[in-house]
Amino acid sequence: MSVYERAQQSTLSDRLKEAPQRLIVVTGPRQTGKTTLVCQVLARIDRPNRYVSVDEPDPVTLPPFPGTETSINPFAGEAPRRLAGERDVRWLVRQWEQARMEADRSERGFVLAIDEIQKIPNWSEAVKGLSDADRRHERPLHVILMGSAPLLMQKGMSESLAGRYETIHLSHWSFAEMAAAFDFDLPTYIYFGGYPGAAPLVPAQDRWRQYIVESLVEPNIERDILAMQRVDKPALLKRLFDLGSDYSGQILSYNKMLGQLQDAGNTTTLARYLDLLSDAGLIAGLAKYAGRAQRRRASSPKLNVLNTALMAAQSGYTFEEAQSDRSFWGRLVESAVGAHLFNTRSPGDRLYFWRDDNHEVDFVLQRGKKLAAVEVKSGLRRSSVSGLTEFRQRFGVTVSILVGEGGRPLPEFLSIPAGDWFDGP
């Protein structure tokens, strides 16, 4: 059986063909294939390389560097295995120094890939010093950094590594990718979403649902958010995720959320927690499009899961029951469109919704002064073509798109990256 290769593999391969000028940072939510992609590229390049992960214990204690047993090698004489949780900057420096030795004695250079780098305290400061020294010495060493906590990765990079890295971002798998890799048809993708690791479990729905909740959602929240960010109300954040899954595709005020969550929190806390869930690739809170930024920030958000598997697994519906409930299936379809737009938009593009009285547009994509208005005819409610007309008259749009019956077929729309709509119909 052939192994599916995502388009970002070509990007990474091309970067490794260039002289090493910057760090290569591969980011994205859990289970989007970061490790698989990097290891596939490393397996086929004609250059010595090594992959290491902060999460994995070393199989053996690495030998000391010649003549540095007491200085550079702080681990000499230890037990033969080290737990991932014990790793610190010293471990990182050691891996980097060994890669340097390999690069210096190889005519083709060397590639070092480090996974879950954000779990090492103060990693970005150490990486800055090591990388700057390599560039000064023109060392033929490419370094790939990977991480599952995009917000924490971005914080470390922006604080210490400005101008020293290029990012390759992996989003959730699209309909086209799941169709090509796992033969998903449209209804299967709408319900089971874009988690490649869960695809083999689709025939056993109870196992699939358990895998989504226990192996994806819980680690995402516990390890990538709560363990890495200051969260004063962890129970509130977890309940907010549940609420976001239940109300995906709907506009919900922060005050109503607080009432649903039965918590004495405040709207500022909820807005921050929604940002954390969004950065983790779970749920986004889309703001209302308006002429002024302050009005957008003050609006009630539209909740949208970033992978419809999250909504389906939390619903308790089987695949068959979900399709039979017209209202739920309509929200699932609309959430799939919103997730696709969010996940495939270009850097700098912003995604909103719009509503004014009886007029509504499901999604508004903005790139500078350009606007793309998207309305989904999902069966959830009557088509709101009048909303598109009203929005065009008020704001002017580059393109307006009706998705579904009478407009762009849903499979076609889900196969086109969001940013492509600005380049033509």
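Buried means under 20% relative accessible area, exposed means over 50%, and partly exposed lies in between, with a 1.4 Å probe and protein chains only. At 66% relative accessibility, K17 therefore counts as exposed.

This is a predicted model, in which local features need pLDDT of at least 70 and side-chain atom pairs count only at pLDDT 80 or more, while totals for chains, interfaces and linings use all residues. Residues are numbered from 1 along each chain as its sequence is written, and side-chain values use heavy atoms, with hydrogens and water left out.

**Salt bridges**

Side chains of opposite charge can pair when their charged atoms come close. Here a salt bridge is a side-chain nitrogen of Lys or Arg within 4 Å of a carboxyl oxygen of Asp or Glu. That rule gives 23 salt bridges. Three of them are set out below.

| Salt bridge | Closest N and O atoms | Relative accessible area |
|---|---|---|
| K17 with D14 | 3.9 Å | K17 66%, D14 41% |
| D134 with R139 | 2.6 Å | D134 1%, R139 14% |
| R355 with E360 | 3.1 Å | R355 38%, E360 12% |

K17 and D14 share helix α1 (residues 8–17). They sit 3 residues apart, about one turn of the helix. Helices are DSSP runs of H or I with at least four residues, strands are runs of E with at least two, and both are numbered from the N terminus. D14 counts as partly exposed because its relative accessibility is 41%.

E360 is buried, with a relative accessible area of 12%. Elsewhere, salt bridges with shared partners join E97, R100, D104, D134 and R139 into one network. D134 is buried because its relative accessible area is 1%. R139 is buried too, at 14%.

**The second largest pocket**

Rolling a probe the size of a water molecule over the atoms shows where empty space is left. The search uses a 1 Å grid over the protein atoms alone. A pocket is an open set of points where a 1.4 Å probe fits, with protein on both sides within 12 Å along at least five of seven lines. Lining residues have an atom within 4 Å of a point.

The second largest pocket has a volume of about 600 Å³. Volume is the space filled by probe spheres set on the grid points, which are joined across faces, edges and corners. Its lining has 26 residues. Which of them lie nearest the centre? They are T32, G33, T36, W173 and P196.

Helices α2 (34–44) and α6 (175–182) each supply at least two lining residues. The largest share, 5 residues, comes from α2. By class, the lining has 9 nonpolar, 11 polar and 6 charged residues. Nonpolar covers Ala, Val, Leu, Ile, Met, Phe, Trp, Tyr, Cys and Pro; charged covers Asp, Glu, Lys and Arg; the others, Gly among them, are polar.

**Helix α8**

Where does helix α8 (residues 205–226) bend? The bend is at P219, by about 35°. This is the angle between axes fitted to the seven residues ending there and the seven starting there. P219 is also one of the buried residues of α8. Others include W208, R209, I212, L216 and D224. The buried residues of α8 pack against α7 (186–192), α9 (234–246), α11 (267–279), α13 (308–315) and α14 (319–324). Contact means heavy atoms within 4.5 Å.

**Single residues**

S131 lies in helix α4 (residues 123–136). At 2% relative accessibility, S131 counts as buried. S131 touches L23 and W96, leaving aside residues up to four places away in sequence.

N255 is found in helix α10 (residues 254–261). At 60% relative accessibility, N255 counts as exposed. N255 and T267 are 12 residues apart in sequence and 7.0 Å apart in space, C-alpha to C-alpha.

Most residues other than glycine have a negative phi. N122 has a positive phi of about 60° although it is not a glycine. N122 lies in the loop between β3 (110–115) and α4, and is exposed at 57%. D183 also has a positive phi of about 60° without being a glycine. D183 lies in the loop between α6 and α7. With a relative accessible area of 68%, D183 is exposed.
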